[in-house]
Amino acid sequence: MTSISIIGSGKMGAAIAEVATRAGAAVQIIKRSTTSPSAARDGFDYGVMGDELTGELVVLAVPYGAYPGILHHYRDQLSRKVVIDISNPIDFSTYDRLTSPADSSTAAELAKMLPEGSAVVKAFNVNLGETLTTGTNGTTTTTVLYAGDYAEAKIAVAQLIEGAGMRAVDAGPLTRARELEAMGFLQILMAALGKTRYESGFTLLA
């Protein structure tokens, strides 16, 4: 299996690290600093911002607002990498809107900022961390929706998901990231309002 670098050591970064471990991938976690807390378990390769990225896949497990700072350190290194955007650009002051442009998405905006050869895939944003850690959504296998423009990049992400025992569903080109972000927004809003539980989520019945 491939290797993966996860930038961000919070709850979602930890959940995706567990996914990667189940899939047999080597995991590197990049923290903001040596004193940053980490929700991930011991046993991973840890680094701090600015350290070389070792993964073939790179997950940005941080808020979208942190992307410019990450690109300051890593833009050149992200050339020819598969970059996975998991962000949901919600206005958390009101819980009433997405902050990405009305005709775009964080994934599309990220793609504009990256060097030629990078491939952005939107994935994991519709999933709450618990459903990734356990690999189940209630009594069903967790479904992970993803979108992107490059076939090889999407295959690599699908193999990671399926290697972890979950279901990977291709939602289409990167333009579909806008709809995935709307789904993620709804998912988080419903959980925050107590309409669903944080270990629940959307699934597709085939």
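The model is predicted: local features need pLDDT of at least 70, side-chain atom pairs count only at pLDDT 80 or more, and totals for chains, interfaces and linings use all residues. Residues are numbered from 1 along each chain as its sequence is written, and side-chain values use heavy atoms, with hydrogens and water left out. An open sheet of eight strands is present, and the structure holds six salt bridges.

**Sheet**

- The strand order of the open sheet is β3-β2-β1-β4-β5-β6-β9-β10, with mixed pairing. Strands pair if DSSP finds at least two bridges between them; helices (H or I, at least four residues) and strands (E, at least two) are DSSP runs, numbered from the N terminus.
- β3 (45-48) and β10 (167-170) are the edge strands, each with a single partner strand, so one side of each has no neighbour in the sheet.
- Neighbouring strands of this sheet are turned by 25° against each other on average, direction ignored. Axes are lines fitted to C-alpha atoms, for helices over the stretch in contact, and angles run from 0 to 180 degrees between N-to-C directions.
- Strands β1 (residues 3-7) and β2 (residues 26-31) run parallel and are joined by five bridges. Ile-7 has Ile-30 in β2 as its bridge partner.
- Four bridges join β1 to β4, also in parallel, and Ile-4 has Leu-57 in β4 as its bridge partner.
- β4 pairs with β5 in the parallel sense over four bridges, where Val-59 stands opposite Ile-84 of β5. From β4 the chain crosses through α2 to β5, and this β-α-β crossover is right-handed (with the strands pointing away from the viewer, the path from the first strand over the helix to the second runs clockwise).
- In β4, Leu-57 and Val-59 point one way, Val-58 and Leu-60 the other way, and all are buried. Buried means under 20% relative accessible area, exposed over 50%, and partly exposed in between (1.4 Å probe, protein chains only).

- Contact means heavy atoms within 4.5 Å.
- Helix α2 (residues 67-74) has Tyr-67, Ile-70, Leu-71 and Tyr-74 buried. Down the axis of α2, its buried residues fall within an arc of 100°, so they line one face of the helix; the arc is that of the directions from the helix axis to the C-beta atoms.
- An α-helix has 3.6 residues a turn, so residues three or four places apart point the same way.
- Pro-68 and His-72 are exposed on the face of α2 turned away from its buried side.
- The cover over the buried residues of α2 includes β1, β2, β3, β4 (57-60), β5 and α3 (106-113).

**Positive phi**

- Most residues other than glycine have a negative phi.
- Arg-80, although not a glycine, has a positive phi of about 70°. Arg-80 lies in the loop between α2 and β5 and is exposed, with a relative accessible area of 71%.
- Phe-124 is not a glycine either, and has a positive phi of about 70°. Phe-124 sits in the loop between β6 and α4 (129-134) and is buried at 0% relative accessibility.

**Salt bridges**

- A salt bridge is a side-chain nitrogen of Lys or Arg within 4 Å of a carboxyl oxygen of Asp or Glu.
- Lys-11 and Glu-130 form one, with the closest N and O atoms 2.7 Å apart. The pair links distant parts of the chain, Lys-11 in helix α1 (residues 11-22) and Glu-130 in helix α4, 119 residues apart. Lys-11 is exposed at 53% relative accessible area, while Glu-130 is partly exposed at 25%.
- Glu-181 and Lys-122 meet in a salt bridge (2.7 Å, N to O). Glu-181 lies in helix α6 and Lys-122 in strand β6, so the pair ties together parts 59 residues apart in sequence. Both Glu-181 and Lys-122 are buried.
- Arg-176 and Glu-179 meet in a salt bridge (3.1 Å, N to O). Arg-176 is partly exposed at 34% relative accessibility, and Glu-179 is partly exposed at 38%.
- Salt bridges that share partners join Asp-85, Lys-122 and Glu-181 into one network.
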